[in-house]
Amino acid sequence: MQDMYLVIAALGTLIAVVLLIKKYETKSVLFGVGFILCLVSLKPIDALSAFTHTMVQPALLKAICASMGFAFVMKATRCDQHLVKLLTAPLKNLGFFLIPLAFVITFFISIAIPSAAGCSAAVGATLIPLLMASGIKPAMAAASVLCGTMGGILSPGVSHTAVISEISGKNIQDIIIVQTPNALTAGVIVMFSLMIMALVLKDYQKGKVFEIVNRKEEVIEKVKFHYALMPLVPLLILIIGASPLHNYEFLTWTKQIEVAEAMLLGAIVTLIITLNKPDNIFNEFFNGMGKSYAEIIGIIIAASVFVAGLKACGVIDIIIEWLKNEQHYVRFGGTFIPFIMAMITGSGDAAAMAFNKAVTIHAQDLGFDQVKLGTIVSMSAVLGRYVSPILGACIIVSTMAGVSPLEVVKRTALGCFVSVIVIVFVLL
């Protein structure tokens with residue numbers, strides 16, 4: 001009977017992968033397959049319990065919902081565009097070196113705007129035309145912006161960090177500290193690989209101006225410095241709270257501030273500084289919270305149901321026992337599986353969250369630290385999605401540059417593959 005359940009679980013997993021590749025809705029696929037696996041195993045209540053348990057987890061709801069609410073406020077007030085314009089203004093006439101600089105700037109901005117699609121749209125509207133006007137081919141201009149969005153993994157509001165926090169019981173700031181070497185190492189490798197690919201493919205043509213076709217994005221003409229600072233307010237508060245600066249009497253309150261509170265305070269400061277209507281600000285904040293629950297928390301909930309289905313079939317117990325005896329395979333499973341899944345499906349969320357909830361939660365039994373393994377899994381999934389031509393952010397930058405997503409992926413693949421190999425053999 002157990003063997004039959006294992007075959008059913010393997011078949012269910014294969015079906016889920018195929019459906020995700022075919023671009024069926026992620027939540028529907030994960031929930032549907034997970035529920036059917038529980039049903040076949042005569043444990044349907046396990047799927048329902050996983051759903052209701054995950055939907056009310058404070059560590060997930062507070063950080064993710066508040067961060068998305070703040071992101072909506074930044075978009076509505078256009079503060080994100082002012083930040084982009086402020087940072088890109090000095091970059092004219094730098095030629096070939098605009099490629100690494102565009103990557104670095106996008107990396108930095110994506111920490112404040114962690115959504116890859118949102119950051120690509122905000123940054124790409126300014127940077128891609130600038131790169132193209134400076135003699136850089138459209139595909140490389142798009143690739144530089146796209147890869148730079150990997151900095152979002154260091155955002156306190158990113159969903160992966162919240163999941164690891166829930167699993168490990170560690171606070172989000174501690175997890176970001178562990179994730180930082182992974183992100184910086186991968187960032188340096190990807191940045192230099194983009195420069196190498198630009199030389200190999202002759203992506204820089206001095207004096208050449210590549211035109212944007214059918215450009216529709218409205219670009220900020222004059223920067224308002226106080227607007228540009230608003231996306232950084234929550235990050236600044238969290239950094240002060242985690243540093244010795246909070247010992248100053250007038251900054252002691254920052255020590256008690258967590259991610260959700262920092263995001264809410266950032267929205268309030270934005271309201272005051274931009275002199276916007278309160279109802280506009282708070283409507284956008286709550287709209288963002290609702291959007292995050294529907295799209296981000298929803299995927300986490302659905303992934304937990306999928307994992308519950310695998311557990312009901314006995315797969316998780318077997319995998320854990322096998323990994324206990326073959327611990328050297330954990331590092332490969334925790335990196336290459338999320339990487340390949342993200343590359344195939346265009347999203348690292350489903351693979352990373354499912355792996356973290358199924359395996360990382362048992363990391364100590366496997367000889368690994370939960371936070372260390374969880375951050376590596378998340379980083380690998382992030383890298384994998386940049387090798388997928390069906391990634392939403394890839395489609396956005398490709399459309400802006402007027403090129404095929406495959407041309408962009410041709411330039412991002414080298415750095416992502418090298419980075420995941422370094423993660424396996426050096427960082428884990």
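**Helix packing and a buried threonine**

Author: The crossing of α6 and α10 is right-handed (the near helix is turned clockwise from the far one by less than a right angle). This is a predicted model: local features need pLDDT of at least 70, side-chain atom pairs count only at pLDDT 80 or more, and totals for chains, interfaces and linings use all residues. Residues are numbered from 1 along each chain as its sequence is written, and side-chain values use heavy atoms, without hydrogens or water.

Helices are DSSP runs of H or I, at least four residues, numbered from the N terminus. α6 spans residues 98-112 and α10 residues 172-200. Their axes lie 9 Å apart, at an angle of about 150°. Axes are lines fitted to C-alpha atoms over the stretch in contact, and angles run from 0 to 180 degrees between N-to-C directions. The pair is therefore roughly antiparallel (over 145 degrees). Among the α6 residues that meet α10 are Phe 103 and Phe 107. Contact means heavy atoms within 4.5 Å.

Now the threonine. Thr 375 sits in helix α18, residues 370-385. Thr 375 counts as buried because its relative accessibility is 0% (buried is under 20% relative accessible area, 1.4 Å probe, protein chains only). Beyond four places in sequence, Thr 375 contacts Ile 164, Ile 175, Val 178, Gln 179 and Asn 182. A polar atom of its side chain lies 2.9 Å from the backbone oxygen of Val 371. The side chain of Thr 375 also reaches the backbone oxygen of Lys 372, at 2.9 Å.

Met 379 touches Gln 179 and Asn 182 too, among others.

How values were computed:
Helix = DSSP H or I, 4+ residues; strand = E, 2+ residues; numbered from the N terminus. Buried < 20%, exposed > 50% of the residue type's maximum accessible area, 1.4 Å probe, protein only. Polar contact = N/O pair within 3.5 Å; in protein donor to acceptor, adjacent residues only side chain to side chain. Parallel < 35°, antiparallel > 145°, perpendicular 65-115°, else oblique.
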